[in-house]
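Here is a short briefing on one structure. Take a look at the chain, then read the notes below.

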Amino acid sequence: MTAGLLLLGGLAATAGQAPTAADALPGRGITVQPLKSSLAEEAFQTLLVSRALERLGYTVQPMKDLEPATEHLAIANGDATFMASHWNQLHADFYRNSGGDERLVRKGVYSEGAVQGFLIDRKTAESHHITSIAQLRDPEIAKLFDTDGDGKADLTGCNPGWGCELAIEKHLGDLQLRGSVTHRQGSYPALMADTIARFREGKPVLYYTWTPYWVSAVLRPGADVVWLQVPSSAEGGADKGSVTRLPNGRDYGFRADREQIVANRAFVEQNPAAGRLFEVMALPIADINAQNLRMSQGAHTQADVERHVDGWIRAHQALFDGWIGEALAATPRGIGG
C-alpha cells in the first residue's frame, strides 16, 4: 500500500509554509479560475493544482463546472485559466477547435496511463467465450446483456459532451452494432451504480469506463470483469487511421492516453511560474483512483476532497515543494524576487 493510499483514510494536513514572503511571490495580485467537468471526481486533481498555485501567491477562485468542449473554449477565450483533466487524444478536437496552440498550452503529462474501453463480467465472458465487442452482432449474445426486455444489449455508456460518447457511437456504427446494442446515456455515476448492482446480483453487465476513475477498483479487470477487444481501427474503429493495438497484441479500440493540464496561453506567457508548474506537476494514476474510490464510498463533500488533497501533499511534501521550487525558478526575477 502506497503512502498516497494510506493518507486517504482521512489524515488532515496543511500544505506547509510558503517558502518566501507573500509579497515576493509571482502570483501576488493575480486571480486564477480553474474549471472541471460535471464529473465530481475531477475535483481532486484540479484542487491539487489550485493548492500549488496558492503556494505561488495566486488567488484561486472555486472551481467551476463545464463540459469538456466548453471548458476548452472558456480557457481559450480567457474566461477561465486552466483545467487539469484534458485527455490528449480524446479531447484533441476540443483543443484544436478552441484555437489549439495559438490560444492554449498543454505541456508536460499530469497523469500517465489513462485507458478506456468496453468491459463485461468475467463469468459471462468465459461461459459464452466472448472476447470481442463485435460478437454482440449475434442477437443471442446481445440479449445476454438486455436489461429492459427489448432483446438488445444495454451498454452503460458515456455522457453527451464528454467526448467519449463520440468514440463509442463511431464504434457502434462502424461495427454494425446499432441493431443489437443500445448506448445508455445520462448520469454516468447513476448508470454505473445500476450496473454494479446487477453485477452483485450475478447478472451479466456490459459497460464503458476509463481510468483514472473508481469503477475499476470496484469491478476489477481480470478478476471480476474483462476488457473486450475491438476489431482493428484500420477496419473501422473509433480511432480509424491510428494505432490502438497494444504491445501484447490485444486491441481495445482506444489509444492509450494521458491527462494534461490545459491553460490559457496568454496567462502562461505572462505568468512563467504558473506555466512551469503546469508542466512539471505529475500525479500517479493510482492515487487518483484511490481518492476517487473514497468519494464513491461516501467521502465526496468539498471538505472531504480538500482533506484528501492536503493529506496527499503532506505525504508527498518533498515532491510538492520541488514543483514549487521549479516554478519559482522560472520567474524572470528568480526565487524570492
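Where is the place of Q33? Q33 sits in the loop between strand 1 (31-32) and strand 2 (34-36). Strands (E, at least two residues) and helices (H or I, at least four) are DSSP runs, numbered from the N terminus. This is a predicted model: local features need pLDDT of at least 70, side-chain atom pairs count only at pLDDT 80 or more, and totals for chains, interfaces and linings use all residues. Residues are numbered from 1 along each chain as its sequence is written, and side-chain values use heavy atoms, without hydrogens and water.

**Q33**
- Q33 is buried, with a relative accessible area of 12%; buried means under 20%, with a 1.4 Å probe and protein chains only.
- The Q33 side chain reaches the backbone oxygen of P62 at 2.9 Å.
- Beyond its neighbours within four places in sequence, Q33 is in contact (heavy atoms within 4.5 Å) with residues including Q61, P62, D79 and F82.

**Helix 2**
- Helix 2 (residues 43-55) reaches 18 Å from first C-alpha to last, close to the 18 Å expected at 1.5 Å a residue.
- Of its 13 residues, 12 are buried, among them F44, L48 and R51.
- Just after helix 2, G57 takes a positive phi of about 100°.

**Nonpolar cores**
- A nonpolar core joins buried Ala, Val, Leu, Ile, Met, Phe, Trp, Tyr and Cys residues through side-chain atoms within 4.5 Å.
- The largest has 41 residues; F118, L206, Y207, Y208 and W210 touch the most other members.
- Elements that each supply at least two residues of this core include strand 7 (111-121) and helix 8 (188-200).
- A second, separate core of 38 residues includes A52, L56, Y110 and W312.

Technical notes
The expected span of a helix is 1.5 Å times one less than its number of residues. Buried means under 20% relative accessible area, exposed over 50%, partly exposed in between (1.4 Å probe, protein chains only). A polar contact is a pair of N or O atoms within 3.5 Å; within protein, one must be able to donate a hydrogen and the other to accept it, and residues adjacent in sequence count only if both atoms are side-chain atoms.
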